[in-house]
Amino acid sequence: MAHIAEAVIDRISDRIDCLVAGHRPGHGLARAFYHDPEIYRRDMERVFRRHWHCIAHESVIPNVNDFEVFRIDTEQVIVTRAADGSIHAVLNVCRHRGAEVCTKQKGNARVFVCPYHAWTYGNDGSLRAARLMPKDFKREDHGLKTLHVRVVEGLIFISFADQPLDFSEAEHLLHATCGQYGWASARVAHRETYPVAANWKLAVENYVECYHCGPAHPEYSQTHALEQPSHMIEAMNAAMEQRTGELGIEIGSGNHWQTSREGREAIHAFRYALYEGVQSGSEDGKAVAPLMGRFSDFDGGVTSIHLGGTTFLVCYPDHGMIYRFIPKSPETCEMELIWLVDGSAEAGRDYDLEKLTWLWKVTTAEDKTIIEHTARGVQSHYFVPGPIAPMEHNELRYIDWYLDEISRPEGASA
Ligand code: FES
Ligand code: FE
C-alpha cells in the first residue's frame, strides 16, 4: 500500500514540476495554478506553512487573557495574550481527540476548556488538567501545538514551520519603516474582510502591480502617481525624500525579496511620492487622522512593504494599512484590510472613520470585482498567459519567487 501512495505522490510532484518547467518566462501563470487542488495543497505546504505571516496588530488583544481566533485555509490559530503580557499563537485543536477547544471568535479567557471531555489548557497552550487519565499520563507532552511568534512594531507575525525562516532582516527593515511611523503604539481603527471568489494568487498578483490602477482605480489614481513617466516619478520621489529629510526622519528601504533557499524571509520595502500637495491616501488627498510616530508634518510620501508572500503594509504619515491575503480553498480566498491610527486618536474627535477608510474601501471593492472577472476568465481551457508589462515588474518578481518556492522539496533550503 505504501508504495502505491508514494507512486501517486511522485506522479503529483512530477505533474507540478512539469507545470513549473512549462512556465514561459516573462508571462503570467497558467490556468492550473488558479484552480488545481494539488497545486493549492502545494501552496499551503510551501508558502503558508513555510513563511511568516502578519496575522494582526497587537492592539486587537490589548488586555491580559484577551484572545482572537484566525482562520487560514483549514487551520485555526488562537492568538492570545498571557498573564505576563506575552503573545502566543496556538492551534485550536485539542490534543485528546481533536475538537476545537475554543468555540468563540474572540474574548477574554485564562484557560480554554475543551467542550468534548474538558481537557483544560492555559492560554499559552500548556495542558493544565485532563480528567481521569492514568497516573503516568504526562500533561507536559500534550499542550496545544504552538506556532512561532514575533511581535515587531506592534505587528504579530506567526510561522507554522518547525524551523522558521530567519526573520532578522525583515525585523530590521520593519523597524526602519513602520517604526518611524509609530506602528508599535498604533491601534486598529477598522477591519474589513472581503471574500473573493478567486484563488489567493490572483488576489496577491493584483495587489502587487499597478498597471491596472489607471483603468480600474480612478479614485486611487487621483492621489497616487504610479503611472507617470519615469523622469517625473524620479523628480517627485527626490522632492519627497528631501521633505522627509527636512522633517529629520530617515525611512529605510531595501529589496531583500529572495526565495527561502538561503533560509531567510523575503521582504521588500520601497517608497514613492504622492502627487504634489497630496498629504495622504484619501478621497481628496487631505489628512484623515492625526500624524503618527516621528512625523511632525506630511512628507507627501508612502512607504510600501511586501513580506513573505502574503503580508503587505502601506504607511502614510497619518494612518497605516495592513493587507492580509487568506486562502480558503483552491478557488476562494479573503482579503482582510486593517486600518491603523495613532494609539491616542479617537474616532469622532480626531478622525472621521468614513473619511479614513473611504479610499481603500473603494479601491478594494474595485479590486475584488476585477479579481473575480479574472478568476472566471482563466477557467477557460483556451486561456494562454500573456506577457507581463514593464509596469508589472513586481508581479513578475512575485511569480518567479512563487514558482521557486513551490518547486523545491519541502524543507529544502537549496
Ligand atoms: Fe478535547 Fe476530548 S477532544 S477533551
Ligand atoms: Fe488594485
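**View 1. Helix 4 and helix 7 lie oblique to each other.** The axes of helix 4 (residues 200-208) and helix 7 (residues 353-377) come within 10 Å and cross at roughly 130°. That is therefore an oblique pair, since angles under 35 degrees count as roughly parallel, over 145 as roughly antiparallel, 65 to 115 as roughly perpendicular and the rest as oblique. Here the axes are lines fitted to C-alpha atoms, for helices over the stretch in contact, and angles run from 0 to 180 degrees between N-to-C directions. The crossing of helix 4 and helix 7 is right-handed; that is the clockwise case, while left-handed has the near helix turned anticlockwise from the far one by less than a right angle. Helix 4 brings Leu202, Ala203 and Asn206 to the contact, and helix 7 brings Asp367, Ile370, Ile371, Thr374 and Ala375 (in contact: C-beta atoms, placed from the backbone, within 7 Å). Sorted by class, the contact of helix 4 with helix 7 has 5 nonpolar, 2 polar and 1 charged residues. For the classes, Ala, Val, Leu, Ile, Met, Phe, Trp, Tyr, Cys and Pro count as nonpolar, Asp, Glu, Lys and Arg as charged, and the others, Gly among them, as polar.

A quick note for every view: this is a predicted model, where local features need pLDDT of at least 70 and side-chain atom pairs count only at pLDDT 80 or more, while totals for chains, interfaces and linings use all residues. Residues are numbered from 1 along each chain as its sequence is written, and chains are lettered from A and ligands numbered from 1 in the order in which they are written.

**View 2. Four strands make an open sheet in the order 4-3-2-5.** The pairing in this sheet is antiparallel. Strands and helices here are DSSP runs, numbered from the N terminus (strands: E, at least two residues; helices: H or I, at least four), and two strands pair if DSSP finds at least two bridges between them. Strand 4 (87-91) and strand 5 (106-108) stand at the edges with a single partner strand each, so one side of each has no neighbour in the sheet. From one strand to the next, the twist averages 25°.

**View 3. Strand 3 pairs with strand 2 and with strand 4.** Let's take strand 2 to begin with. It pairs with strand 3 (residues 75-81) in the antiparallel sense over 6 bridges, and Val69 stands opposite Ile78 in strand 3. The two strands form a hairpin with 2 residues between them, and Asp73 in the turn has a positive phi of about 55°. Now for the other partner: strand 3 and strand 4 pair in the antiparallel sense over 5 bridges, with Val77 opposite Leu91 in strand 4. This hairpin has 5 residues between the strands, and Gly85 takes a positive phi near 90°. Is strand 3 mostly covered or uncovered? Mostly covered: 5 of its 7 residues are buried (buried means 20 or more other C-beta atoms within 10 Å of a residue's own, exposed 12 or fewer, and partly exposed in between, with C-beta atoms placed from the backbone).

**View 4. Three strands make an open sheet in the order 6-7-8.** The pairing is antiparallel here. Strand 6 (111-113) and strand 8 (127-129) are the edge strands, and each pairs on one side only. The twist averages 35° from one strand to the next. Strand 7 (residues 120-122) is joined to strand 8 by 2 bridges, and Thr120 stands opposite Ala129 in strand 8.

**View 5. Asn65 and Glu153 have a positive phi without being glycines.** Look for Asn65 in the loop between strand 1 (52-57) and strand 2 (66-72). Its phi is about 75°, and Asn65 is partly exposed, with 15 other C-beta atoms within 10 Å. Glu153 sits in the loop between strand 9 (148-152) and strand 10 (155-159), with a phi of about 50°. Buried or exposed? Glu153 counts as buried, with 23 C-beta neighbours inside 10 Å.

**View 6. Phe383 is in the loop between helix 7 and helix 8 (393-407).** Phe383 counts as partly exposed, with 14 C-beta neighbours inside 10 Å. Leaving aside neighbours within four places in sequence, Phe383 is in contact with Arg31, Gly377 and Val378.

Conventions: Two residues are in contact if their C-beta atoms, placed from the backbone, lie within 7 Å.
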